[in-house]
Amino acid sequence: MRPENFLLEKYMGIYEFSAPHLLCTSDCETITVSELLSFEEGAEAGLMDLRLGYTEARGGKELREEISKLYGNISPDDVITFAGAEEGIFIFMNVVLSKGDHVIVQFPAYQSLYEIAKAIGCEVTLWEMKEEDGWRPDPDFLVKNIRENTKAIIINSPHNPTGFNLSKEDFGTIVSVAKKHDLYLFSDEVYRQLEFDPETRLPAAADLYEKGFSLGVMSKAFGLAGLRSGWIAARDRETLEKISSLKDYTTICSSAPSEYLAAVALRHSDRLVDRSLGIIRKNLEILDSFMERHSDLFEWVRPVAASIGFVKLKNGESAADFCKKVVDETGVLLLPSTVYEFGDSHFRVGFGREDMEQCLEKFEMFLKNNY
């Protein structure tokens with residue numbers, strides 16, 4: 001199995017730690033270890049007393065118990081942890097899929113959600129979202145593209161890079177289609193809890209369906225990307241056991257300090273999520289004004305969830321060229337749609353960090369000088 005280069009990660013690898021102004025990041029503003037430990041009496045002493053040995057392969061019981069509380073029908077035994085969400089995607093695909101299987105993947109998407117299946121030898125149907133439809137994927141397309149060899153449906157909501165969120169009705173349709181055809185439903189839910197209106201939050205796929213697999217991570221809503229802590233929740237114990245067995249050939253187990261800190265964070269998840277949403281709401285007001293001022297050059301379907309949005313260049317210019325010119329001249333990093341293999345007319349902006357306003361000021365100066 002030899003996947004193609006991961007375009008987004010390669011692009012970020014060039015610029016993420018050299019560009020001074022990151023205006024495209026998907027994770028939310030982080031905090032220090034000291035700040036996190038201050039949330040809980042005795043947490044600092046607990047970390048200092050932590051023994052740095054191996055951890056449980058499926059994830060420590062304490063951490064899995066805290067993760068299970070994010071769901072309605074999930075127990076700690078229904079959770080496996082990973083070194084970030086990416087490892088979970090990689091292992092799930094390699095356990096569930098075989099050469100010749102067919103999968104349907106919501107698109108545009110984080111590349112591994114379809115690239116790994118392609119590298120395995122699967123037939124991949126991209127379920128393309130249309131900007132003119134508000135980025136809503138057409139449920140009829142899903143129904144019409146089920147085949148005899150279809151094995152899985154892959155979705156992502158809230159969505160990267162558009163900030164779209166499926167309606168409860170459309171999500172219910174997806175679950176019903178998966179049940180009717182006995183398909184796996186892999187649901188990338190890493191931006192869950194970042195819905196601007198909590199009433200629009202979808203149930204977790206793992207809660208609704210026995211073959212539903214919910215992917216979570218500490219980096220987005222909780223703002224703790226450096227912990228490299230992700231998980232899959234599911235009630236399909238047989239498949240979870242196979243996932244656990246394959247993990248024996250990847251990371252085997254997680255970092256003990258990361259597991260400890262992730263458990264502390266999840267005990268105070270409301271505090272972290274409220275902080276992230278506060279930053280997002282403030283930044284969105286600033287972005288709304290920016291987009292209005294530059295409506296001759298940009299347009300977007302305003303995000304309804306997550307910490308990212310997808311902006312269209314209206315002048316026909318190459319988004320890849322535009323983004324390179326911006327970062328070269330100003331140090332402001334944007335993410336062109338070419339890294340999603342989704343044309344060359346959009347770029348991703350991120351609004352989950354506290355310095356977004358300063359990044360935007362630099363960007364606006366560039367626009368004033370060039371357009």
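**Figure 1. The open sheet of the predicted model.** In this predicted model, an open sheet is built from 7 strands, which follow one another in the order E2-E8-E7-E6-E5-E3-E4. The pairing within the sheet is mixed. From one strand to the next, the twist averages 20 degrees. Helix H4 (residues 61–68) packs on the sheet, where it touches E2 and strand E8 (230–233). The direction of helix H4 makes about 115 degrees with that of E2.

**Figure 2. Strand E3 and its two partners.** Strand E3 (residues 102–107) pairs with strand E5 (residues 150–156) in the parallel sense, over 4 bridges. The pairing of E3 with E4 is likewise parallel and runs over 6 bridges. Val105 illustrates both contacts of the strand: its bridge partner in E5 is Ile154, and in E4 it stands opposite Leu126. In general, strands of a sheet pair through backbone hydrogen bonds, either parallel or antiparallel.

**Figure 3. Burial of strand E3.** Of the 6 residues of E3, 6 are buried, so the strand is largely enclosed by the rest of the structure. Both faces of E3 are covered. One side carries His102, Ile104 and Gln106, and the other carries Val103, Val105 and Phe107; all of these residues are buried.

**Figure 4. The largest pocket.** The largest pocket holds about 750 Å³ of space. Its lining comprises 30 residues, of which Ser26, Asp27, Ser219, Lys220 and Ala225 are the closest to the centre of the pocket. Helix H1 (7–15) and helix H5 (85–96) are the elements that give two or more residues to this lining. By class, the residues that line the largest pocket divide into 12 nonpolar, 8 polar and 10 charged.

**Figure 5. The largest cavity.** Across the whole structure, a search finds 3 cavities of 30 Å³ or more. The largest cavity has a volume of about 120 Å³. Its lining consists of Leu70, Tyr71, Glu189, Val190, Arg192, Gln193, Leu215, Gly216, Val217, Ala221, Phe222 and Trp231. Strand E7 (residues 212–217) gives the most to this lining, with 3 residues. The lining of the largest cavity is made up of 8 nonpolar, 2 polar and 2 charged residues.

**Figure 6. The second largest cavity.** The volume of the second largest cavity is about 60 Å³. The residues that line this cavity are Ile155, Ser157, Pro158, Asn165, Phe171, Ser187, Glu189, Arg192, Glu195, Leu202 and Pro203. The lining of the second largest cavity has 5 nonpolar, 3 polar and 3 charged residues.

Figure 7. Tyr249 is located in the loop between helix H10 (237–247) and helix H11 (256–267). The relative accessible area of Tyr249 is 73%, and the residue is therefore classed as exposed, the cut-off for that class being over 50%. Tyr249 and Glu364 are separated by 115 residues in sequence and by 48 Å in space, taken from C-alpha to C-alpha.

How values were computed:
Residues numbered from 1 in each chain as written. Predicted model: local features only at pLDDT ≥ 70, side-chain atom pairs only at ≥ 80, totals over all residues. Heavy atoms only, no water. Pairing = 2+ DSSP bridges. Axes fitted to C-alpha atoms, helices over the stretch in contact; angles between N-to-C directions. Contact = heavy atoms within 4.5 Å. 1 Å grid on protein atoms, 1.4 Å probe; cavity = no way out; pocket = protein on both sides within 12 Å on 5 of 7 lines; lining within 4 Å. Points joined across faces, edges and corners; volume = space filled by probe spheres on them. Nonpolar A, V, L, I, M, F, W, Y, C, P; charged D, E, K, R; others polar. Buried < 20%, exposed > 50% of the residue type's maximum accessible area, 1.4 Å probe, protein only.
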